[in-house]
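Please keep the sequence and the structure in view while reading.

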Amino acid sequence: MPLIEISDPEENILKKKRFVVGIDLGTTNSLIASRDKTTKFYGDLHSSIIDISEDPKSPLIIKSIKRLMGLTSEEVKNNIDNLSYEIDLSNNKLPMIKNKSGKNFSAIEISSLILKNLKTIAENEEEKTIDGAVVTVPAYFNDVQRQATKKSAELAGLKVLRLLNEPTSAAIAYGLDTGETGNFIVYDFGGGTFDVSILNLDKGVFKVLSTDGDTTLGGDDIDILLKNHLNIDKDKSQKLKQKLCETNSDTDLITINTFNSLIKNIIDRTIDITKNAIARSRLSENDIKQIILVGGSTRIPLIKESLKKNFNCNILDNIDPDRVVAEGAAIQASILSGNNKDDLLLLDVLPLSLGVETYGGLSEKIITRNTPIPATASKTFTTFKDGQTQLLIHIIQGERELVDKCKSLGTFTLKNIPSMVAGAARIKVQFQIDVDGLLLVSAEEDSTGVNAHIEINPSYGIDEDELIKMIEESNKSAEIDMNARKLYESRVEAERVIYAITEALKKDANELLSKTELSSITICLDNLKNKIKSDNSEEISSAVQELEKSSEFYVERRMNRSIKSLIAGKGIDDII
Amino acid sequence: MDILKKNYFDLFGIEISIEIKKSTLEKKYKELQRQFHPDKYSQSTTHEKKISAQISSYINDAYITLSDLIKRINYILKINNFNKDESVTLKNEDFLIEQIDHNEFIENINSKTAKEIKNYKDDIVKKLSSTIIEIKSYYEKKDFQKVWEELSKLQFYVNHINKLEGT
């Protein structure tokens, strides 16, 4: 692994471009790309299949693992059929696939193997280590599926800059290309998921108005229909579908009309979902200017016909629907890393409402779907018995009234509640959703100010400790020196903080800091610049923390100042 | 943080009023998010990232509140430290009877002609607009109790229109 050369740290840090990538982790195909002035793809479409047998003589091929992401054993039992491999559903939290040598793989690990392959392909071609990645997810993925995706990227050794919704990603690729403004539908029909987002584009601001979808509906379903109808195998049905899409005419096996009537229900369902999304965006169908097509399945001729019939607007399909998501992700990665100075801003929404269970197994919504993110909301709970010191809260996601019909995210036990009479304690639970659409919960007892301790018991997946253990183990087997990795990461982190503080000081140190304050920060800054040369990652990290700590007040002053300038009506360019 | 203590109107640089311009709100919203959205701080210090997420959430919350007439009026009452006296509306018998009539109409909507429904809807919209005018005039007189009473009517009309559109 190439390490940073340290000749003149300051100069290097300020000039260096980061190697960051966008990854479209699809059900059937995945793509990895980076963006400089144009988009560079590493290889072509890589099929999202992986052999977990560890035995080349009898391979165990796993396909469409994305369909299993974030599903508990019970959900797999109820929702997934047509799997070509056996799955062990005895552990309800984490369904496992076992290979012949007895090794267990979860969906998270299998996804991470796919990501690792992509990572290796790109790193070998650039001869550089990837510094960060934007990984795309279906807009309609719930918290559990998002967490699972993020964990699989971390397990693959990728630093996740951002999880990005697939339709939003496609809109970036188009928006930047065409400079269009107005309201758009992004119709994203992939191998295993269907997503639709309604967006407003206005001078570089991409604002998602609403999103809807079905994470269990995809081109795979069409293959299965064909397979069952004609009694052929899956490979053959896939090829037949491709032929039907290319020619839009009869084949030896099936007429185009029969094909169209076979898939009509599926297409109608996507049109209904699209209409729902428009209704929730508070726009009327006349307000929509264009439809962006994303995903290989949009090559089906009946889809374009149906869209034209139902919505009176232009169809945009000039960017390859298989590549457009990865392209958008690469653009976003390059913007987030500071490589690309395009003044572009994404304002996305929460796809599914978040709530808690109340009496009688009913759901009470705390943050409703289509709320712009990041978002926070809080709810106050109380005790119902004298002296009660614990409280159990069940967090759920989904639109249905009954808790059983929603996705369980986990239960949270609030401990150490001060002992009081029933109803006197006021425990304020705060729900925070970050820009990735991920939930964070914290709690505080209001009347005493005591932080009630939260223990998260997720309904699915692996916890942080297990993840770290898995990362260490997988690195051990790959014979990567963990210390070298840690050192590299701490230096990247140090460079980022040095850069951020140096740039800030250049702009407004004179205005915002007294001489003493400035010197307290520069002492820490110089210390870090020194320490970055050391080979001790812990020393570097602690110097980073010192600098962060010493500059907190300064950071807050800068933020407060920028709001003042905004309100004074100054152009934003002046204050960045 | 000073920003998180500002009321939503101050944050957006908009004068506190019952009705606001949607275009101004949109423009300010985007300006604020361009400045504070966490994506603008992905290369910053950890503390800066944390603060930007807090501020960005606060801006979103403000935007949701100011975009919605009922939430906005409720918020105006809140920043004026208004404590409601709920017993008052319960005494308002005329409005109770009106509500019963309206609910009956919805229950029997299947037996109504399209014209009847349209006339009925126009009537509700008219009542809604006059309630807004009432609220504005009470607000000018700083009679927050009356603002709150009218607000519960407004809430009823808005819900009612939503129900009509849902049928």
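## A pair of residues across two strands

In this predicted model, A:Lys207 stands opposite A:Leu347 of strand β16(A). Strand β13 of chain A, residues 205–214, is joined to β16(A) by three bridges, and the two strands run parallel.

Strands of a sheet pair through backbone hydrogen bonds, in either a parallel or an antiparallel manner.

## The sheet of chain A

Both strands belong to an open sheet of six strands in chain A, whose order is β15-β14-β11-β12-β13-β16. The pairing within this sheet is mixed. Its edge strands are β15 (314–316) and β16 of chain A, each of which pairs on one side only. On average, neighbouring strands of the sheet are turned by 25 degrees against each other, direction ignored.

A helix accompanies part of this sheet. Helix α9 of chain A, residues 301–310, lies across β11 (182–189), β14 (288–294) and β15 of chain A. Relative to β15(A), helix α9 runs at about 145 degrees.

In total, 31 residues of chain A are in contact with 28 residues of chain B. On the side of chain A that touches chain B, 20 residues are nonpolar, six are polar and five are charged.

How values were computed
Residues are numbered from 1 along each chain as its sequence is written. Chains are lettered from A and ligands numbered from 1 in the order in which they are written. This is a predicted model: local features need pLDDT of at least 70, side-chain atom pairs count only at pLDDT 80 or more; totals for chains, interfaces and linings use all residues. Two residues are in contact if their C-beta atoms, placed from the backbone, lie within 7 Å. Ala, Val, Leu, Ile, Met, Phe, Trp, Tyr, Cys and Pro count as nonpolar, Asp, Glu, Lys and Arg as charged, and the others, Gly among them, as polar. Two strands pair if DSSP finds at least two bridges between them. Helices (H or I, at least four residues) and strands (E, at least two) are DSSP runs, numbered from the N terminus. Axes are lines fitted to C-alpha atoms, for helices over the stretch in contact, and angles run from 0 to 180 degrees between N-to-C directions.
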